[in-house]
Amino acid sequence: FWDLGATPASPQDAPQEDVNICRPLGSLDDQVYANSVLGLKDYAHKNGFDKAIVGLSGGIDSALCAEIAADALGKENVTCIFMPSSCTSPQSAQDAREFAGKLGCKFEEIPISTFISAFDTLGLKGGAEENLHSRIRGMILMSYSNQNGGLVINCANKSEMATGYFTMYGDSVGAYSPICDIYKSRVYKLAAFKNEHGGCISESMLTKEPSAELHPGQKDTDSLPDYGTLDAVLYAYIEENKGRAEMLAAGFDRAVVDKVISLVDKAEWKRRQCPMGPKVSLRALKHDRQIPVTQHFFE
């Protein structure tokens, strides 16, 4: 991969900030990461943004997005905002604070419990109450951008985008989504790759069980298959365009296949409203694969 428009006559002539972009690339992780950085860098600069804002959760997705933003725009131009609630674990709080310190970006901590309590009169329960957490965080990020400037980064990965595992007008906010075409399984690989090249994602972020932390003890596997299984089915369905019969013949579990297909097909309306991002796979959801938003057919 080359950025032909910015490639110098020789690597020695490249500006220091572009050395990691204007070079021949090696492994797949190297290529995907460099594409993600270049995509954000070009989008920001060509649309008049020189700063980025990341809602830092203490999880791996937002940490990887913050590193991509730092490489694209400079760490001094990245603000990470940590917005804990009563459901945020102490480990996530520690991970978020330590990560921001190691990255060297600006860091803001804005607790959201008082904002949540303002909605008590609505009597929200279950998913409605959980989604409120995410929507408050989205509102804070966009308001911070309005006041201080900066491009709000969306941190949803391809596994979440495909299955609709995100809150509309909450963690779907943002102007640009650098990892929207990267499955969760590869997010972990990219984080490990980046750590080998100066990254600062902690071992805790790499190993703790994924969770949106919208209620105590919540895990992503409460709603989804484990990401190794999920991403294998998603890859077959999206990249390889395999139908249900083909996936069952290939040995995938029937219940998992049926659930994943249903989630993907029913989430098209959500994906249409999500931020843009770079294409780094064979079939990007918004670039290469669209189905009718209103439909009565499910395979």
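This is a predicted model: local features need pLDDT of at least 70, side-chain atom pairs count only at pLDDT 80 or more; totals for chains, interfaces and linings use all residues.
View 1. A salt bridge is a side-chain nitrogen of Lys or Arg within 4 Å of a carboxyl oxygen of Asp or Glu. A search of the whole structure finds 14 salt bridges, and among them is the one in which the side chains of D42 and K46 meet, at 3.6 Å from N to O. Both D42 and K46 belong to helix α1, where they sit four residues apart, about one turn of the helix; helices (H or I, at least four residues) and strands (E, at least two) are DSSP runs, numbered from the N terminus. D42 counts as partly exposed because its relative accessibility is 25%, and K46 counts as exposed because its relative accessibility is 66%. In these terms, buried means under 20% relative accessible area, exposed means over 50%, and partly exposed lies in between (1.4 Å probe, protein chains only).

**View 2. The salt bridge of D258 and R244.** The side chains of D258 and R244 meet at 2.5 Å, N to O. This pair links distant parts of the chain, with D258 in helix α11 (residues 254-266) and R244 in helix α10 (residues 244-249), 14 residues apart. D258 has 31% relative accessibility and so counts as partly exposed, and R244, at 23%, also counts as partly exposed.

**View 3. The salt bridge of D288 and K279.** Here the side chains of D288 and K279 come together at 2.5 Å, N to O. D288 is partly exposed, because its relative accessible area is 34%, and K279 is partly exposed, because its relative accessible area is 39%.

**View 4. The second largest pocket and its lining.** A pocket is defined on a 1 Å grid over the protein atoms alone, as an open set of points where a 1.4 Å probe fits, with protein on both sides within 12 Å along at least five of seven lines, and lining residues have an atom within 4 Å of a point. The second largest pocket has a volume of about 360 Å³, a volume being the space filled by probe spheres set on the points, which are joined across faces, edges and corners. Its lining holds 17 residues, of which L28, Y183, R186, Y235 and S281 lie nearest the centre of the pocket. The elements that give two or more residues to this lining are α1 (28-46), α7 and α9 (227-239), and α9 provides the largest share, five residues. Sorted by class, the lining has eight nonpolar, three polar and six charged residues.

**View 5. A nonpolar surface patch made by Y169, W269 and V293.** The patch covers about 320 Å². Patches are made of residues with over 30% relative accessible area and no salt bridge, and nonpolar side chains (Val, Leu, Ile, Met, Phe, Trp, Tyr) are joined within 5 Å. Y169 is found in the loop between α6 (158-163) and α7 (184-195), whereas V293 is placed in the segment after α13 (285-288). V293 counts as partly exposed because its relative accessibility is 41%. Between V293 and A52, which are 241 residues apart in sequence, the C-alpha to C-alpha distance is 31 Å.

**View 6. Positive phi at Y169 and N241.** Most residues other than glycine have a negative phi. Y169, although not a glycine, has a positive phi of about 65°, and N241, also not a glycine, has a positive phi of about 55°. N241 lies in the loop between α9 and α10, and N241 is exposed because its relative accessible area is 53%.

**View 7. The buried residues S134 and A156.** S134 lies in helix α5 (residues 126-148) and is buried, with a relative accessible area of 5%. A156, in the loop between β4 (151-153) and α6, counts as buried at 5% relative accessibility.

Technical notes. Residues are numbered from 1 along each chain as its sequence is written. Side-chain values use heavy atoms; hydrogens and water are left out. Patches are made of residues with over 30% relative accessible area and no salt bridge: like charges are joined within 9 Å, nonpolar side chains (Val, Leu, Ile, Met, Phe, Trp, Tyr) within 5 Å. Accessible areas come from the Shrake-Rupley method with a 1.4 Å probe; for residues, only the protein chains shown count as cover. Ala, Val, Leu, Ile, Met, Phe, Trp, Tyr, Cys and Pro count as nonpolar, Asp, Glu, Lys and Arg as charged, and the others, Gly among them, as polar.
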